Amino acid sequence: MAEIEGPGYPGTWPQFLAWFPDEAACAAYLERLRWPAGIACSACSERRGWRTGEGRWWMCAGCARKMSVTAGTIFDKTRTPLQTWFAAAWWMTSQKHGLSALGLQRALGLGSYQTAWMMLHRFRVAMVRPDRARLAGTVEVDETYVGGNEEGARGRQTETKSRVAIAVEVHEPKGLGRIRLARVPDVSKASLIPFVTGAVEEGSTVRTDGWQAYWTVPDHGYTHDRILISHGDDPAHVAMPAAHRVASLLKRWLLGTHQGSVSPQHLDAYLNEFAFRFNRRTSRRRGLLFYRLLQQAVLTPPMTYKKTISAQRPNSS
Ligand SMILES: [Zn+2]
């Protein structure tokens, strides 16, 4: 990972409290993340100005234009103090498996479950970098099914569960690299091939089972490694062990941290969070995850009012 040249980050909770004693300290931190080369007026390029509104607003000395460090970010127009947002980001990244909205509400002593849920949700949305590099090397691709109450559903014919496509880098002789996850409407070629081309760098080897939707993989610049299970194989034999491993970790996380209460319309955001954690699982510096999350948060546009409302689900985490 690249050298940190930004404002740095705290390493422990006591350090966190010392770094961010008030709203102005939080606003100044966001300002350095958002404008690493220093603030300049977007109208007249003037670099001198005054800070107001506990540091959230900057007023240009040249033309009196006002700019807000939170406008155009996930913190846009929030009435929740930045200190609370920062604490939520800290808890979210310092816990190995993250935490539920109820867990966050308790940890921070928040009066509102909805506030806790909304903060977690917006951070999840910020967890995907639009410019992230695609997977490369040997990549296993498979699908799994998440959620729903249809016990005993088998194979690809399920209707009540959400289908999730999985791509995972396989290291030889063993070990997993990065992952990509996406909800797909079905397991047709029209759904799975765009997932593959969006997730995997051309020139890579794409390993799949014999499912016909994958037959055109070689047409898109990949080497296709089809693994077929023969009749003689052990029934417990898994054709795609790496994807299978990721699927079981994902399900365990949804059941453990979130009690399986994730509704289908919010699943994408949870997949974001799971991939963000998985792809940084070897990082021993939790403060760095906090830093990365806030860095992405100031680059992620705010959700629209309508989206925000539809995202409010008081009884779901
Ligand atoms: Zn100006």
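Is W19 buried, partly exposed or exposed? W19 counts as partly exposed, at 33% relative accessibility (buried is under 20% relative accessible area, exposed over 50%, partly exposed in between; 1.4 Å probe, protein chains only). The model shown here is predicted, with local features needing pLDDT of at least 70 and side-chain atom pairs pLDDT 80 or more, while totals for chains, interfaces and linings use all residues. Residues are numbered from 1 along each chain as its sequence is written, and side-chain values use heavy atoms, leaving out hydrogens and water.

**View 1. The zinc ion is coordinated by the SG atoms of C41, C44, C60 and C63, at 2.3 Å.** Donors are N, O and S atoms within 2.8 Å of the metal (3.2 Å for Na, K and Ca); water is not among the atoms, so sites may look incomplete. In sequence, the donor residues follow the spacing C-x2-C-x15-C-x2-C. C60 is buried at 1% relative accessible area, whereas C63 is partly exposed at 38%.

**View 2. W19 and Y29 form an edge-to-face pair.** Their ring centres lie 6.1 Å apart, with planes at 80° (rings of Phe, Tyr and Trp, its six-membered ring, pair if their centres lie within 6.5 Å; planes under 30 degrees apart are stacked, over 60 edge-to-face, the rest tilted). Y29 is buried, with a relative accessible area of 0%. Both residues belong to one aromatic cluster, whose members also include W13, F16 and F290.

**View 3. The charged end of R280 sits over the ring of F276, 4.0 Å from its centre.** Here NZ of Lys or CZ of Arg must be within 6 Å of the ring centre and within 35 degrees of the ring normal. R281 lies over the face of F278, also at 4.0 Å from the ring centre.
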